[in-house]
Every structure is written in C-alpha cells, then in structure tokens.
Amino acid sequence: EQSKSDETLGRFLSLVLRHNPAAAQITLDEHGWADVEALLAGCARAGRRIGRDTLERIVRENSKQRYSFNGDHTKIRANQGHSIAVDVELRQAQPPARLYHGTAMRFLESIRAQGITRQSRQHVHLSADYPTALAVGSRHGRPVVLAIDAAAMARDGYVFYRSENGVWLCERVPWSYVLED
Ligand code: HQG
C-alpha cells in the first residue's frame with residue numbers, strides 16, 4: 001500500500017513522463033526515457049522535491065507498475081499511457097481470446113458510431129480482466145465494460161501490444177468486435 005504522498009508524487013511523475021515533461025523542465029528521448037538526475041532536479045525546481053530513495057520506492061511499490069528504470073537506474077520512463085510521441089518499444093503479443101474495455105455510459109453512443117478510438121493517447125487501452133476494466137471505466141463516470149473479441153481481431157490482422165505492466169494496447173477497436181450480450 002502506497003502512502004498518500006507517494007501517490008501524489010506518482011501522479012506528478014505520470015504527468016511528466018507521459019504527457020508533459022516541460023512541467024519539470026526536462027525532455028524525454030525518443031524512447032521515452034528521462035535522465036534520473038535531470039528529473040530529480042526538475043521536480044525540485046517545480047516544487048516537488050523527490051529524493052532518489054523515494055523515487056526508487058515509488059517505482060518499486062507503484063500499484064500498477066507504471067514506471068521502469070533502465071539497467072543502471074540512470075534513466076526512467078513510463079511503461080504506457082503516453083500522449084506524446086515516444087516509442088517505448090512495446091512488445092507485440094498474441095492477445096487472449098477476450099479483452100475488456102472500461103468506459104463511461106455517456107461515451108457509448110459515440111463509441112457505437114466510431115468504434116473505440118485512442119483519443120489523446122497513443123493507443124486504445126484494454127484490460128485482461130473485467131474488474132480492472134470496471135475500475136478504468138469508473139474514472140470517467142458511470143462505468144460500462146465492453147467485452148472485445150480479441151481473437152477475431154488478431155485473426156483479421158489487428159496488432160496487439162502488451163506493456164511491461166500488463167496493459168493491452170491496440171490502434172483501434174471497430175464496434176463490430178464488441179461482443180454484445
Ligand atoms: C473513451 C489508466 C467517445 C474511452 C487506465 C475512454 C488505463 C471514446 C476515454 C489508461 C471513444 C479516453 C487509459 C469514442 C474511446 N467516442 N469516447 N469513439 N473511444 N473513448 O483516459 O482507457 O492509471 O485516455 O472509452 O488504467 O480510460 O493512468 O483512456 O473512456 O490503462 O496508469 O475515451 O489510463 O492508467 O480516456 O485509460 P483515457 P482509458 P493509469
């Protein structure tokens with residue numbers, strides 16, 4: 001269980017490493033890596049002092065394993081969820097037959113018309129299990145979980161990736177692959 005302050009710092013790290021490195025006055029390389037020294041200095045300048053031990057603990061204990069260090073811990077990056085154009089070298093993977101997408105009721109009409117699209121992120125995010133998808137959907141309002149025929153998508157040539165922290169990602173999900181019950 002993470003402390004409140006680690007959670008708050010983690011949220012700031014997600015902002016910096018996925019969406020807005022300028023918030024800590026740093027840059028990411030093409031693979032999404034930030035230099036750890038530069039990140040810690042940038043966080044301090046932004047009024048979020050983080051010590052190296054705290055950073056190590058946040059990465060280690062983060063509930064969703066959102067971040068990774070490189071081999072010698074001189075660099076750090078977010079495992080997935082980016083809106084900026086970096087290539088985190090996602091591994092293509094054969095998806096399970098079913099995947100789940102949690103969303104809000106109020107998006108359903110639009111999703112029915114356009115399919116599930118990536119919005120501001122690089123990919124559509126899918127979960128391997130229903131409870132996780134329900135939690136993801138709840139972030140946006142009254143949740144609904146869509147079951148996806150990932151086996152059929154894979155058969156039809158859609159490419160899937162699995163991030164380091166077990167999130168399934170793809171380019172888009174046409175409505176025809178949503179299993180209606
Ligand atoms: C919806 C969290 C209208 C989509 C989670 C979602 C996840 C559409 C919202 C990760 C649509 C985008 C990503 C369409 C999709 N019309 N709405 N055609 N297609 N949408 O936050 O999947 O905790 O960008 O259903 O656990 O909610 O940050 O995506 O509701 O893994 O690590 O547009 O973020 O991870 O919302 O969440 P988001 P998401 P972290």
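Reader: Which polar backbone atom is 3.0 Å from a nitrogen atom of the ligand?

Author: One that belongs to glycine 115. This is a predicted model, where local features need pLDDT of at least 70, side-chain atom pairs count only at pLDDT 80 or more, and totals for chains, interfaces and linings use all residues. Residues are numbered from 1 along each chain as its sequence is written, and side-chain values use heavy atoms, with hydrogens and water left out.

Reader: What about the side chain of glutamine 114, how far is an N or O atom there from a ligand nitrogen?

Author: 3.1 Å.

Reader: And which side chain has an N or O atom 2.8 Å from a ligand oxygen?

Author: That of arginine 121. The protein covers 89% of the 780 Å² of accessible area that the ligand has on its own (Shrake-Rupley method, 1.4 Å probe).

Reader: How many residues surround the ligand?

Author: 18, and the closest are Lys64, His101, Thr103, Ser110 and His140. A residue is near a molecule if one of its heavy atoms lies within 4 Å of it.

Reader: How does that shell divide into nonpolar, polar and charged?

Author: Into 4 nonpolar, 9 polar and 5 charged. Asp, Glu, Lys and Arg count as charged, Ala, Val, Leu, Ile, Met, Phe, Trp, Tyr, Cys and Pro as nonpolar, and the others, Gly among them, as polar.

Reader: Changing topic: is aspartate 6 buried or exposed?

Author: Aspartate 6 counts as buried because its relative accessibility is 2% (buried is under 20% relative accessible area, 1.4 Å probe, protein chains only).

Reader: Which side chain does the side chain of aspartate 6 join in a polar contact?

Author: That of arginine 57, at 2.8 Å. A polar contact is a pair of N or O atoms within 3.5 Å; within protein, one must be able to donate a hydrogen and the other to accept it, and residues adjacent in sequence count only if both atoms are side-chain atoms.

Conventions:
Buried means under 20% relative accessible area, exposed over 50%, partly exposed in between (1.4 Å probe, protein chains only).
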